[in-house]
Amino acid sequence: MIVLWAALVTVCVTGISYALVSARAEQAALQELSDFVVQRSSAESRLFVTARANLEIFRERFLELYNDPDVLPAPDFGQWFFEDEHGALRLRPEYFTGRRDRNGTLRQGTSGFMGVSRPDLTPELQRRMVLAYELVDRFGPAWLGQFDNLHASLPENALIIHWPGGNWGASADPRLDMTAGAVIRATLQSENPERRPVWSGLYYDLTAGHWAVTYQLPVDQDGRHLLNPSHDIRLDELVERLASDHPPGARNLIMSDRGQLVAQPERMADIMKDRGVLDIEKLEDPALRAVYRTLVDPVTGAVPHGAGAVIPVEELDAYVAFARIEGPDWWFVTIYPRSLVSAKAHEGAAIVLLLGLLLLAMVLMVILSVLRLQVARPLRAMELASRRIAQGDHQSISEGTVPLPVEREDEIGALSRAFRSMASEIGAASAVLEREVAARTVELRLANHRLEQLSLRDGLTGAFNRRAFDRDLGSAMRRFGECGVPSALLLCDIDHFKAYNDSYGHVAGDQVLALIASTIAQSAPDGRVYRYGGEEFSIILDPMLCDPASLGSQLVRRIASLRIPHRASPFGKVTLSVGVADCQPGSTCAAALVRSADAQLYRAKTQGRNRALVESREDGDTAAVA
């Protein structure tokens, strides 16, 4: 009976310790899986977020030029386009092969086309096509490193594209009606009354020879559809990473909210065959259907952007980890067999099981060697120690707080000493495992923190980027609305910067951007400066720390004092214009504050540049501060 009780106690202690360690290891494995899909979805979102930001810049600049009556009021349409023998309009060949503008800059790689199926060429339509070309040709080369092309389509069956890989506009079929195709048709007001940005499905571009997705941003004004800037985004590397970058034994795929399989390494041939639209419900694949039902479930699928979830799916006998990819609202999904998670948990707890088995063997050996009455009291002491171990109190056993007859020179003493050693080893093993889990958790948190910081910084200047600006300005306006803490905004623009790039080259222009960003940061009270646009920077300022008008004047003087040569500027050096605005009573709108500062920046430009202007609080007039 004594042997049976001792064996039972030892097995229970080992089993409880094994279960605790196994549960912790399984929880750590699932957290690691969740962190993996969050990190991957964040990394895959960057290109889509960049495309969205680019087209927002295009839209703002186009509307600014379109609404300015002094910009190309009556362009000589024939200077840009000609009508071929079939009646189609095409951009002149020299705009693709290469021509130098009045500044001597070589402009090439852009083509354009308007099919025979088109409305009358009104002066407004001609001007809109010329403005579309000018912006596509200006922004296209700058964005070519990240994207294959930049194009702008018009609802009147026209398209301007910057793609040095081929003169598409010269070879397009004159009878082509682009508005009848699914891609451009999705931007029309009749098909898209909500005027949402349009993401195409994944498709294989036979002309360019790679996987891609198209993002289009409809641009309307006063209820009228003007054009759609768009990017073709190459996704070959994303598809390759799906096949190669995953936990051992797992598999990755991407699904859309509309129930389409966007990408899965083993089904890319089927996706290409179906032109990127592979309906999950039509596939004879219960596993994919089970995954999709998990994603659209209002409880399990309610995961915000930037977060991940791990859900067990019984039909697959696996865990499904997923997180949203920002932009097209796809889901990055990893299917991880439950057996692998269990295996990881059992590996971490194996040492506990081994020590438990060794303990059981020693207990049985000692008890069978002990005779008569000397066994009862030591066994009761060991029973108490076993309960302490079952409660996770290994330290009291190893340090001798719980008394054991270790001083005895017989089998009972040996068993007691072995029991204490076992408790120490179990405690040490548990501590090692806990430290490893804690270290992994810290590493993941540090990696996520680094990724977050990288996502908030501009890679060229080191300044905070537009995403950080939008976040911080929103926080400042909320503080103003809730607590009455005011904020001021300074928008800074480098004067004649395009002319500087044209004269000195983009490498020199990049150096000037970095120097000016550093100079502005040195002047800012907290050192935070944001790159608002191409050559635009901004500062969000607490007026209690520093007078915004004085800071604007100081920035103008400091940039001028750098004396950076600029032969294309009337000042002969690089100068800065600054618009200053602060929160007005009753207004907590961040966009209104930006518009106010931008208005002062515009006036500073029109009044000769190299100055800072601030809007007076008393009467709304503009006051010059430098």
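Residues are called buried under 20% relative accessible area, exposed over 50% and partly exposed in between, calculated with a 1.4 Å probe on protein chains only. At 25% relative accessibility, Trp 168 counts as partly exposed, whereas Phe 113 is buried with a relative accessible area of 0%.

The model is predicted: local features need pLDDT of at least 70, side-chain atom pairs count only at pLDDT 80 or more, and totals for chains, interfaces and linings use all residues. Residues are numbered from 1 along each chain as its sequence is written, and side-chain values use heavy atoms, with hydrogens and water left out.

The structure contains 16 aromatic pairs. Rings of Phe, Tyr and Trp (its six-membered ring) pair if their centres lie within 6.5 Å; planes under 30 degrees apart count as stacked, over 60 as edge-to-face and the rest as tilted. Two of the pairs are tabulated below.

| Pair | Centre distance | Plane angle | Class |
|---|---|---|---|
| Phe 36 and Phe 332 | 6.4 Å | 65° | edge-to-face |
| Phe 113 and Trp 168 | 5.8 Å | 85° | edge-to-face |

Helices (H or I, at least four residues) and strands (E, at least two) are DSSP runs, numbered from the N terminus. Phe 36 belongs to helix α1 (residues 2–66) and Phe 332 to strand β18 (residues 330–337), 296 residues apart; both are buried. Because Phe 113 lies in strand β5 (residues 110–114) and Trp 168 in helix α5 (residues 168–171), their pair ties together parts 55 residues apart in sequence.

Ring pairs also link Phe 48, Trp 199, Tyr 215 and Trp 330 into a cluster.

A charge sits over a ring if NZ of Lys or CZ of Arg is within 6 Å of the ring centre and within 35 degrees of the ring normal. Arg 457 has its charged end over the ring of Phe 464, 3.8 Å from the centre, and Arg 338 lies over the face of Tyr 319, at 5.3 Å from the ring centre.
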